[in-house]
Amino acid sequence: MFKKILIANRGEIALRTIWACRELGIKTVAVYSSEDADSLHVRFSDEDICIGPPSNKASYLNIPAVISAAELSGADGIHPGYGFLAENAHFAEICNACRITFIGPEPSVIRLMGDKAKARETMIAAGVPVVPGSEGVVKTEERALELAEEIGYPVILKAAAGGGGKGMRTAVSNTELRDSFKLAQAEAVSAFGNGTLYLERFLVNPRHVEFQILGDTQGTIVQLGERDCSIQRRHQKLIEESPSPALDDQLRSRMAATAVAAAQAVNYTSVGTIEFLLDSDGNYYFMEMNTRIQVEHPVTEMVMGVDLVKEQIRIAAGEPLTEHLGTYRHRGHSIECRINAEDPETFAPCPGQLTDLYFPGGPGVRIDSALHGSSSISRYYDSLIAKVITHGVNRSEALDRMRRALQAVVIEGVKTSIPFLLQVIEDEDFIRGDYSTGYLEKFMARKKARLS
């Protein structure tokens, strides 16, 4: 087992990792930018090292600074959290070259699954269903137009090196596709330094359902059920739940088996997520694999009674998966709402100084956040400031607890998305579990119509 782990991240995931390390008896090292000097992950770590000024590029994405901090502190492992360097194969290779264990999968797997076009090819070879589309990357507008005619509109262009909704554009005609190709390519270059694109048929209003995967170095791969992540705005998830209201036992079993087969195809080790698009006829298609811990991992922890971060650390230390982990079954229902520091009407980021803060507790309520009473919400980082996770014996109770928890949260000094989240979970379609990835567009249109 590790003696000391450096946490190459900030905010709630850095704090979450510190708690897992404490329970495992592992010392922790926090790295931080000058902007985060008063952060809780710095306060609660055993050691801390400033690695640069506020900007991501100069601090949390500064690989030489992170590695130097690990060597200076004597850390024998690096946990990347999510975002930043979590899916950077080059960083994982450097860790290994410096004899510091990267707590995640092998660099070759990160690189393979991070290239969406190659990941798609790998899944096709493994017999995993994929959305009809290009067999590889699409290098020119002319080739994109040819494929679109073969596949049929609407289509979607995606950055091969992308994620998080960047470098994605839809088109319903040749004219739109020409414009979308240029826009997607430019955005992909800006976001990832790589303008390579691939093309797929665009599924209209599918569900986004992902399966939690764990694989150890002994070759055992298991799944821990699904999360429905269909409530999204601009491809960014806002609400997640487990189990999915859309799956029956038969479909769940088939999708779970496919998820395990997908992970086996790349000999996956560590925690990861196989993501599917599910259409209204029950057909599902591989979308991508995330080779890291997910923001929404707590809903799986709540319904499965497992600590995914601790399992991730144990796997990286060469230990086998917890005995009988693959036989775990859902216990009740869990929902997560992401609270962002943003205007609930315009969704514009709202940095600023907190003036009051309170998080509720009570049965079935969990809060993952790194906020404290004197926190300042920085303009330099992602607007996610807290996650409210609830658990109940069924979906109805989990929703009741979410409603109660969100109503009791006090975050003053900045605007937050709480009013918007409350509107969504009070909506009749959401209460029925009748939603898809196009839900929020329809919800906002109905809201606008009521106000006009």
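Visitor: Which side chains meet Arg 338 and Glu 296 in a salt bridge, or rather, how should I read this pair, and what is the N to O distance?

Guide: The side chains of Arg 338 and Glu 296 form a salt bridge with an N to O distance of 2.8 Å. Please note that this is a predicted model. The general idea is that side chains of opposite charge can pair when their charged atoms come close. Here the pair links distant parts of the chain, 42 residues apart: Arg 338 belongs to strand β14 (residues 333–340), while Glu 296 is in the loop between β13 (284–290) and α10 (297–304).

Visitor: Are Arg 338 and Glu 296 buried or exposed?

Guide: Burial is read from the relative accessible area, and a residue under 20% is called buried. Arg 338 has 10%, so Arg 338 is buried. Glu 296 is buried as well, at 1%.

Visitor: Which residues are linked with Arg 338 and Glu 296 in a network of salt bridges?

Guide: The network also includes Glu 210, Arg 227, Lys 237, Glu 240, Glu 275 and Glu 336.

Visitor: How many salt bridges does a search of the whole structure find?

Guide: The search finds 40 salt bridges. One of them joins Lys 182 and Glu 141, whose closest N and O atoms are 2.8 Å apart. Lys 182 lies in helix α8 (residues 174–192) and Glu 141 in helix α7, so this pair ties together parts that are 41 residues apart in sequence. Lys 182 is partly exposed, with 48% relative accessibility, whereas Glu 141 is buried at 16%.

Visitor: Which side chain meets Arg 207 in a salt bridge, and where are the two residues?

Guide: The partner of Arg 207 is Asp 228, at 2.8 Å from N to O. Arg 207 is in strand β9 (residues 207–215) and Asp 228 in strand β10, and the pair links parts of the chain 21 residues apart. Arg 207 is buried, with 10% relative accessibility, and Asp 228 is buried at 0%.

Visitor: Let us turn to helices. At what angle do helix α13 and helix α15 pack?

Guide: Two packed helices are described by the angle between their axes and the distance between the axes. For helix α13 (residues 418–425) and helix α15 (residues 439–451), the angle is about 100° and the axes are 12 Å apart. This makes α13 roughly perpendicular to α15.

Visitor: Which residues make the contact of α13 with α15?

Guide: From α13 come Phe 420, Gln 423 and Val 424, and from α15 come Tyr 439, Leu 440, Phe 443, Met 444 and Lys 447. By class, six residues of this contact are nonpolar, one is polar and one is charged.

Visitor: Which residues touch the most other members in the largest nonpolar core?

Guide: A nonpolar core is read as a set of buried nonpolar residues joined through their side chains. The largest one here has 34 residues, and Ile 239, Ile 339, Leu 406, Ile 425 and Phe 430 touch the most other members. At least two residues each are supplied by β11, β14, β19 (384–392), α12 (395–408), α13 and α15. The largest share, six residues, comes from α13.

Visitor: What does Leu 406 touch?

Guide: Leaving out residues up to four places away in sequence, Leu 406 touches Cys 337, Ile 339, Val 388, Ile 418, Leu 421, Leu 422 and Ile 425.

Visitor: What phi do His 235 and Asn 267 have?

Guide: His 235 is not a glycine, yet its phi is positive, about 70°. His 235 is in the loop between β10 (221–233) and β11, and is partly exposed at 40%. Asn 267, also not a glycine, has a positive phi of about 50°. Its place is the loop between α9 and β12 (270–278), and Asn 267 is exposed, with 63% relative accessibility.

Terms used:
Residues numbered from 1 in each chain as written. Predicted model: local features only at pLDDT ≥ 70, side-chain atom pairs only at ≥ 80, totals over all residues. Heavy atoms only, no water. Helix = DSSP H or I, 4+ residues; strand = E, 2+ residues; numbered from the N terminus. Buried < 20%, exposed > 50% of the residue type's maximum accessible area, 1.4 Å probe, protein only. Salt bridge = Lys/Arg side-chain N within 4 Å of Asp/Glu carboxyl O. Axes fitted to C-alpha atoms, helices over the stretch in contact; angles between N-to-C directions. Parallel < 35°, antiparallel > 145°, perpendicular 65-115°, else oblique. Contact = heavy atoms within 4.5 Å. Nonpolar A, V, L, I, M, F, W, Y, C, P; charged D, E, K, R; others polar. Core = buried A, V, L, I, M, F, W, Y, C linked by side-chain atoms within 4.5 Å.
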